[in-house]
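Notebook open, model loaded. I want to jot down what I look up as I go.

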Amino acid sequence: MRSTTLSRRDLLKAGGALVVSFMIPGAAQTALGQAGGAAGGKPPLLPDELDSWIAVLPDGRVRAFFGKMDMGQGVDVAIGQIVAEELDVAFDRVTVVMGDTAFTCNQGGASGSTGVQRGGVTLRLAAAEARRLLLKRASDKLGVPVDQLTVRDGVVSAAADPQRRVSYGELIGGQHFQHKLEWNKQYGNPLLAKGQAKPKDPGQYTIVGRSIPQRVIADKAYGKLQYVTDVKVEGMLHARVIRPPSAGCGPVAVDAASIAGIPGARVVREKDLVAVVAEREWDAVRAARALKVTWAPPCHPFPPMETLYDHIRQAKGIGSQVPVNKGDVDAALKTAHRVIEAEYEWPMQSHASMGPACAVADVRADGARLWTGSQKPHYGRNGVARIAGLPPEKVRATWIPGPGSYGRNDAGDAALDAALLSKLTGKPVRVQYMRHEGTGWDPKGPAGVFRGRAGLDAQGNVVAYEFFGKGFTRQDVATTENDPKDTLAGQLTGYTPKPTILFQVPAEAYDFANKRCGWECIAPLLDKASPLRTGHLRDPLGAETHFASESFIDEIALAGGGDPVAFRLQYVKDPRHAAVITAAAEKAGWTARINPRRGKGNVMVGRGFSYTERNGTIVAVVAEVEVDRRTGRVWAKRFTVAHDCGLVINPKGLELTIEGNVVQAISRTLFEEVRFDRDQVLSVDWASYPILEIQDAPERIDVVLINRPDVAASGAGEPSTRTVPAAIANAIFDATGMRMRRVPITPERMKAALARA
Amino acid sequence: MTQRIRLVVDGKTAEVDADPAMPLLYALRADVGLDNPKFGCGLAQCGACTVHVDGRPTRSCVTPVGAVKGRKITTLAGLGTPEKPHALQAAWVAEQVPQCGYCTSGWIMTAAALLRNTPKPSDKQIRQALAGLKCRCGTHMAILRAVKRAAGTTA
């Protein structure tokens, strides 16, 4: 059984056994789970120590310490497979420890679909190095040269005499390697550490490539998994924060007497941050509802929502780039036979995680603890340290699965709210947001306007291609809560935000002779503590940009009299990219077409194609939709996804990850839009921010995995998100002849478009 | 006004001292010590807090604890165990449904009631019965497969 109630004293002991047992079942039995400095001489937790990555227990089980973590797709299973493979131990004997700053180096947390792509590289190299050292020890012990040894499930034996054998547990179990690695001196995603060992050739793999299931799923199905919302600490107060009814307005007066009747409830305030705390959670909830606060008058920071896209078009740029500029686009456009232009619009979207964020913090004068569902606990530690006025090494952050996470959602804000409130009350504090904060006040995926322009010759060939995105940066707040300025707690208490100006151009391999792609960012609508501040939402700007770019490719192809698949293959020369396009088309039984079907009945059927790349992962999608003329409902009914992310580690896990991408992307394409008025976000729950429900889930999703063992594994957590929106829009065009250039494609918008047809 | 309220949860009796207007969810989590029903919205819009009350799927986040005195409450953890799984729980594992898994109570508890009343539901009946539940991770395809597997209607 795992303990849910942990005593505060135990929690504050660095590396305390109780905490270890909370996160790592069985680890309390051994010193190996403990932080640096323990007797027995575990080296300090630094990336250039092999012991920071791999430990062998006395019974031969292996522990791998992973500085990223799994958000539900099973990255930890893939990492376990990689480590088991390199070490030649059975998968079941490997435990992957994630997300605790006491046991793992900062590999960047969950970030950018790099769990395997980057995080897995160091784990692979460390495991290979551990195997090399173990074989050397075995060679000395058995008196057999290394090249005459074999390893089977952690037992080394002489090839010529299998009776001469020694296990990993006997060789090093319970001790440390005390072995240095070469480290590139970087933390976060770029961290790379390696030894001298050469990892296995993929041709030898027996564990990598298998569909090993996620063990944690049973804990979820039987209601046993502990989430961050379930952490309880002795003496803990429950807190709720009070956000202003109008964005940008601070509190003028707080009437503490308004909650006097609620047992133990009291107000905690620091500058513009107002919160209530109580010993019982329900009392905190009631107090938050009852508290009377006088707020500064509304300052109308937002434009009328219906003018958002005009605002973006007209707003002064604050930064721009033209990352792709090949040939002479302007000259080619002048001489083109025909010029095609189109504009596309994508709204603000919310993470709207399944549950609003929660965090527990215990800030004391001499140290602090944080339990967080954030994707980046190592950075959360730094943020808490700054709030608490402590050096980061005095803070321990522990990631515990949260209520869903696809980027920089509200978890980072909850972490620093909890830390600040713990500091102010002198008690451990648990903050959980209410639904209206989870949806209304999380960082948003940015809105943008995207313009495509293409010149065609008389035969329909592309002589010039231009694509330009303009919108809000993807990072009003950083990807992490490393600095309080990037959190609501910080921004409400005097830290000045500083957005990073960053946008995106399409990622594809169209070989147009004259090609220019660029972007421009505009200023945020409200510069501080804004419910419309932007932050990374799954595949940041990927869905937005490629909805537009791949819709536009479809428009160009059809305008020039080309089939959308044949057109793409005409311009995509890279054989790997072309193979993915071909695989999707073949699997779906794509038939060439130039003109839309424009169904005559009440239910119109169409198919659309889309293809994209993301950091080395190539995806092509065929979507089949039904559009109901009477209701305007679009049912994204069937999908075929061809997916090439290099070496496939776990096929079933990968398929399920792709399915999740597709369904969430359908939701974002057809249903999701953050609504607001001049003063506030109006999308505050599932009624005002609808997402896909099961009646709108597809009938079928077929996934074609293209396994390339010779190519290093790239990411899969996000790449197929960006491919889906245009595939749907292109299918709608095929079904109806109407080009839907604004997301979400709601029944109302679809009906209005059909009425214009 | 605090009252002593007797609850029967997962076959065990528990007495809680609580305001009868407090939602059952808070009593289960804070007083009974059962964490598996989750707070998702507090508005009966998502299903993460779903339990059975006398066999009926009920959103515990909007059900006053005073309204379920002495009634039979079953949570996901009481529906089945790894040793004695409910068919849906076994199917959830077999189909590898969860991403974050925070929504699980809503889907399994609602589907369990469906299968009790309609042991061999069609795809359409499943979708109708599970309408209104949320899964932000987009595991709906696996959910449909798992319900069909539990019903024995998959090929």
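This is a predicted model: local features need pLDDT of at least 70, side-chain atom pairs count only at pLDDT 80 or more; totals for chains, interfaces and linings use all residues.

Entry 1: I started at A:Ala64. Leaving out residues up to four places away in sequence, I find that A:Ala64 touches A:Trp53, A:Ile54, A:Ile79, A:Gly80, A:Val83, A:Val94, A:Val96, A:Val97 and A:Leu123.

**Entry 2: the core.** Next I looked up the largest nonpolar core, which has 276 residues. A:Ala64 is among the members that touch the most others, along with A:Val276, A:Ala359, A:Val384, A:Ala419, A:Ala584 and A:Ile732. Which helix gives the most to this core? I get α4 of chain A, residues 115-142, with 11 residues. As a general reminder, nonpolar side chains in soluble globular proteins tend to be buried together.

**Entry 3: a sheet in chain A.** I then traced an open sheet of 5 strands in chain A, with mixed pairing and the order β16-β26-β25-β24-β17.

I zoomed in on one pairing. β16(A) and β26(A), residues 515-522, run antiparallel and are joined by 7 bridges. In that pairing I see A:Asn325 opposite A:Arg516 of β26(A). Helix α14 of chain A, residues 542-559, packs on the sheet and touches β17, β24 (448-456) and β25 (462-472). The direction of α14(A) makes about 155 degrees with that of β17(A).

**Entry 4: where the chains meet.** I counted who takes part: 48 residues from chain B and 48 residues from chain A. On the chain B side, α1, α2 (76-79), α3 (87-94), α4 (104-117) and α6 (140-151) each supply at least two residues. α6(B) gives the most to that side, with 5 residues. Sorted by class, the side of chain B touching chain A has 26 nonpolar, 17 polar and 5 charged residues.

**Entry 5: back to α1 of chain B.** Is this helix mostly covered or open? It is mostly covered: 8 of the 9 residues in α1(B), residues 24-32, are buried. Among them I noted B:Leu24, B:Tyr26, B:Arg29 and B:Asp31. The cover comes from both chains, including α7 (281-290) of chain A and β1 (3-9) and β2 (12-18) of chain B.

Notes
Residues are numbered from 1 along each chain as its sequence is written. Chains are lettered from A and ligands numbered from 1 in the order in which they are written. A residue is buried if 20 or more other C-beta atoms lie within 10 Å of its own, exposed if 12 or fewer, and partly exposed in between; C-beta atoms are placed from the backbone. Helices (H or I, at least four residues) and strands (E, at least two) are DSSP runs, numbered from the N terminus. Two residues are in contact if their C-beta atoms, placed from the backbone, lie within 7 Å. A nonpolar core is a set of buried Ala, Val, Leu, Ile, Met, Phe, Trp, Tyr and Cys residues joined through C-beta atoms within 7 Å. Ala, Val, Leu, Ile, Met, Phe, Trp, Tyr, Cys and Pro count as nonpolar, Asp, Glu, Lys and Arg as charged, and the others, Gly among them, as polar. Two strands pair if DSSP finds at least two bridges between them. Axes are lines fitted to C-alpha atoms, for helices over the stretch in contact, and angles run from 0 to 180 degrees between N-to-C directions.
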